[in-house]
Amino acid sequence: MKLLRRRDLVCQQAVELVTDYLEGSLSRSARRRFEAHLAGCPHCTEYLAQMRETISLTGRLEPEDLTPQMRDEFTDLYRRWRSEQQ
Amino acid sequence: MRAGRGPRSGPRPARPILSVMDPDGELLHRLRSGDERAFVSLVERYHEPMLRLAASFVPSRAVAEEVVQDTWLAALRGLEAFEGRSSLKTWLFRILVNRARTTGSKEQRSVPVADPEPAVDPTRFGGDGGWSDPPEHWIEAAERRMEAGKLADRVRAWLGELPARQREVVLLRDIEGMSSEEVCTVLALTEGNQRVLLHRGRSRLRQLFEDEFREVR
């Protein structure tokens, strides 16, 4: 990444690398710089924890159940399809 | 979480073959042998996620429902031809997105990924690029509210407010648990664009959590 030319990351750059970091898509040297920044920066460490928490909380949304009426509709859909097959 | 692992080497194929172990393999087998309960189970598993995804392409819930209905029918009709080159889920979602895109194509959706959109409001950093208004702590408060069942509806509403392309990626990755490869297949995105959209979507959601729990000042 171009913006990593400089040796040290600043916070404003670090927050843009969080997803690449979590995705494992940073180069080895970029990852080292990112982790070195975190080691000295409690705010960015907090920020990374919040991004992880955001992913975790979003992932806990449950799909709503089908209504009995919808189950019947889909059973019908399937039967119609089966009869087309004959 | 794949944090901290090394970079993957080499370019990946555009259409990776994913389905070594399709979690829906058993359902697929039953479906093909004519078990209608298998179909209803499949619908139960994916109808709501498909509706949410479709809603981001088309103007109304009613249209989204039509698109999803069409997708189920198309899926049944295409079942014999399904080769298992991707998981059944990826295949289904791909049909959905193709249909939803066709239906929703009047709408101008070409939001350029290249436009800069910072993860954090630039005014929260000083001239040296360091935090001047650092992130406030909210993780425990959010956990408590989630456990009490009082946060999920808010999060659903926030998702609805994300720009459509960001929402699509976040839905598939973080709610549906698809891999980045699967999301690229379903939404016809490059790896890079998928990551940019994911980054923006998650960053916005993080900000919304922070706003929600920010002390009144």
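The axes of helix α3 (residues 61-78) of chain B and helix α4 (residues 88-103) of chain B come within 9 Å of each other and cross at roughly 135°. Because of that angle, α3(B) counts as oblique to α4(B). The crossing in which α3(B) passes α4(B) is right-handed. This description, like everything that follows, rests on a predicted model.

The residues that bring the two helices together can be named on both sides: B:V63, B:V67, B:V68, B:D70, B:T71, B:A74 and B:A75 in α3(B) meet B:L92, B:I95, B:L96, B:R99, B:A100 and B:T103 in α4(B). Sorted by class, this contact of α3(B) with α4(B) has nine nonpolar, two polar and two charged residues.

Turning to the chain as a whole, chain B holds nine helices and zero strands, and its pattern along the sequence reads α-α-α-α-α-α-α-α-α. Of the 217 residues in chain B, 36% are buried. When contacts in chain B between residues at least 6 apart in sequence are considered, 66% of them join residues at least 24 apart.

Chain B also touches a partner, with 46 residues of chain B in contact with 41 residues of chain A. On the side of chain B that touches chain A, at least two residues are supplied by each of α2 (36-55), α3, α5 (139-147), α6 (152-161), α7 (164-175) and α9 (191-213) of chain B. Among these contributors, α2(B) gives the largest share of that side, eight residues. By class, the side of chain B that touches chain A has 26 nonpolar, eight polar and 12 charged residues.

The two sets of residues described by class are set out here.

In soluble globular proteins, nonpolar side chains tend to be buried together. In this model the largest nonpolar core has 50 residues, and those with the most contacts inside it are B:A54, B:L92, B:L96 and B:V183. At least two residues of this core come from each of α5 (68-85) of chain A and α2, α3, α4, α6, α7, α8 (180-187) and α9 of chain B. The largest share of the core, nine residues, comes from α2(B). B:L92 and B:L96, listed among the core residues with the most contacts, also belong to the part of α4(B) that meets α3(B).

Notes. Residues are numbered from 1 along each chain as its sequence is written. Chains are lettered from A and ligands numbered from 1 in the order in which they are written. This is a predicted model: local features need pLDDT of at least 70, side-chain atom pairs count only at pLDDT 80 or more; totals for chains, interfaces and linings use all residues. Helices (H or I, at least four residues) and strands (E, at least two) are DSSP runs, numbered from the N terminus. A residue is buried if 20 or more other C-beta atoms lie within 10 Å of its own, exposed if 12 or fewer, and partly exposed in between; C-beta atoms are placed from the backbone. Two residues are in contact if their C-beta atoms, placed from the backbone, lie within 7 Å. Axes are lines fitted to C-alpha atoms, for helices over the stretch in contact, and angles run from 0 to 180 degrees between N-to-C directions. Angles under 35 degrees count as roughly parallel, over 145 as roughly antiparallel, 65 to 115 as roughly perpendicular and the rest as oblique. A crossing is left-handed if the near helix is turned anticlockwise from the far one by less than a right angle, and right-handed if clockwise. Ala, Val, Leu, Ile, Met, Phe, Trp, Tyr, Cys and Pro count as nonpolar, Asp, Glu, Lys and Arg as charged, and the others, Gly among them, as polar. A nonpolar core is a set of buried Ala, Val, Leu, Ile, Met, Phe, Trp, Tyr and Cys residues joined through C-beta atoms within 7 Å.
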